[in-house]
Amino acid sequence: MKEQISLTTIYVALLGSVALAFGIADILVWAGVLNSIEIGILTIGGDDFFRWAWGGLVLTFGGILMLSGAQNIYQLQQFSKAFLGAVMVWIIAFTDIFATVCENIPAGEETPAFFNSLYGFFSGFLPPYTPAVLLLPFTFLLAYGVYTWNSDESKRDLPDE
Amino acid sequence: MTIPCDQRWELVDLIAKRTVSKGTYRQTLGDVLGELTVKPLTGIPIALGVLYAFWSVFSSFAGALVTDGFMVKLFDNYWLPWLQNVWPDPNSILYFLFVGDPLANNCFEAFGMLTSGLFVAIGVVLPAVFIFYLMMTILEDSGYLPRLATLMDTVLHRIGLHGYAIIPMILGLGCNVPAVTATRNLETKKQRFIMMTLLAIFIPCGAQLGVMLDVIPDTIGWVMLYLILGFAIFGYILSKVIPGSNPEILIDIPQYRWPMWDNVIKKLWNRTKGFFLNAVPFVLAGVLLVNVLYLTGVIQALADLLAPLFVTWFGVPKETVGPLVAAFLRKDLAVAQLSTIAMTPYQMITSVVLISIYFPCVATFVVMLREGWRELLAAIAALAVVVFAYGGLIHAIGILLGVA
């Protein structure tokens, strides 16, 4: 049990650190301190203030919240902080996905058709992806935590160590 | 008949026994999440996240999907060419009023009532207002809005308002007409006046935001920054200058809950319908009237008269005077008109900020008049000072930065 709790703490702390690093990288790339980054399926880059500076700030706060909630995560207060951190990552990830959906439904200016083909629509979702989208599946553990929280009362207020 | 004190207490006990159930209170996840969204240290980052989501969904849906994705194509490729073909005599006055420029190849630049007017009303404003009110209703019904009001209370007290002023402010980003009506929720005359004045000057409506997103997507951030700064500076000055009180209020914060979709749909329908009934006639009539004023030379005469002030004091080209005068009728159309004038990016930012802080559109003007003519006159006086001072300040900042 002790080892399991520590593993959760380590997992959330790692997730928070990565989110924090990605958030800072978003802002630094927007500010021109770093060149745009493209490693494998990850892409960070753009001069859009709203997406990269403001969005990066939200991701940074998400990382900080997860880090501050990682210790003693089975305490309600701590878990709530970590969960809110995950919510911040979801906000950026889902708005990125929603933007991709909205951009790929219409056919585009160059063709007289109104709707994109099915192939054209799905090809919009090919990699690379933004940091928040890549982090998204890893944050679902915290959503699972919320799901099990109410059904597993005994875990409440259980000390980490 | 009077009940003796003992009997009264017995009655109280009896009612309490039948109605009150006792148990041990255990804090739930929802309770803690509710608290965290109100405390400034955690609440402000969350508010930044929520507002990011709000704006991102708004621009993706209204901008990328509906307006750019479908409406531009529908109006420019089908509606405009059809209208230009079927309407007789391109040199007639009626053609100028209803179809606009016979050589235009897009509805934005045609400036006819049935081209630009209809495109702005249906193609730009409808999707913007729809998604704005949908998001607003979800925030309201989920219980987040009262928390945002609590969070903003301290900040808004610095400009003579209280937390619930956030509601007219957010409503104003959709349309200033319901926002001005919502100022009635504020406690004192001073608060109502400050809010109404700031709404009329510094809060761009959904229609204007939609057009700005379409016309100046790269510089909209700077325009918003200038408007937020102006809101804070002039709000602070007004709170010091205007006599009256700014009392504390108690805010009832409900639990977080999933919105009921029946309610969301009803509210969305009522608000969108209300906006359309109030604003769309003004959009169409506004375009018609602007065209009449152009045709009769009134706007040109005003432009010549005001040109020295605009060129030397605000640092914008002479040609912007026409759209700025026309902005009284429709601010969104005025932004669209600016897009056709050659100017530097900084002049474009200055012009769009000037349109935003300039006289409220006719629909807002009428609603403000309904709230009281004295307040309206005072708001206009404040507005004239703000436009002159802030417009000059933006020009001065541009000169200092070497971009004006």
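At roughly what angle do the axes of helix α6 (residues 113-142) of chain B and helix α11 (residues 206-215) of chain B cross? The legends below describe close-up views of a predicted model.

**View 1. Crossing of helices α6(B) and α11(B) in the predicted model.** The axes of α6(B) and α11(B) come within 8 Å and cross at roughly 110 degrees; because angles of 65 to 115 degrees count as roughly perpendicular, the two helices are described as roughly perpendicular to each other. The crossing in which α6(B) passes α11(B) is right-handed.

**View 2. Residues at the contact of α6(B) with α11(B).** From α6(B), the contact is made by Val120(B), Val124(B), Val125(B), Ala128(B), Val129(B) and Phe132(B), while α11(B) contributes Gly206(B), Ala207(B), Leu209(B), Gly210(B), Val211(B) and Asp214(B). By class, the residues of this contact divide into 9 nonpolar, 2 polar and 1 charged.

**View 3. The contact between chain B and chain A.** Chain B gives 24 residues to this contact and chain A gives 26. On the side of chain B that touches chain A, the elements giving two or more residues are α2 (29-36) and α3 (40-86) of chain B, and the largest share, 18 residues, comes from α3(B). The residues on this side of chain B divide into 15 nonpolar, 8 polar and 1 charged.

**View 4. Prediction confidence along chain A.** The mean pLDDT of chain A is 87, with 89% of its residues reaching 70 or more. Confidence in chain A is lowest in helix α5 (residues 131-151), at a mean of 87, and highest in helix α3 (residues 76-104), at 95. Over residues 157-161 of chain A the pLDDT is below 50, and this stretch has 10 contacts in the model beyond near neighbours in sequence.

How values were computed:
Residues are numbered from 1 along each chain as its sequence is written. Chains are lettered from A and ligands numbered from 1 in the order in which they are written. This is a predicted model: local features need pLDDT of at least 70, side-chain atom pairs count only at pLDDT 80 or more; totals for chains, interfaces and linings use all residues. Axes are lines fitted to C-alpha atoms, for helices over the stretch in contact, and angles run from 0 to 180 degrees between N-to-C directions. Helices (H or I, at least four residues) and strands (E, at least two) are DSSP runs, numbered from the N terminus. Angles under 35 degrees count as roughly parallel, over 145 as roughly antiparallel, 65 to 115 as roughly perpendicular and the rest as oblique. A crossing is left-handed if the near helix is turned anticlockwise from the far one by less than a right angle, and right-handed if clockwise. Two residues are in contact if their C-beta atoms, placed from the backbone, lie within 7 Å. Ala, Val, Leu, Ile, Met, Phe, Trp, Tyr, Cys and Pro count as nonpolar, Asp, Glu, Lys and Arg as charged, and the others, Gly among them, as polar. pLDDT is the predictor's confidence in each residue, from 0 to 100.
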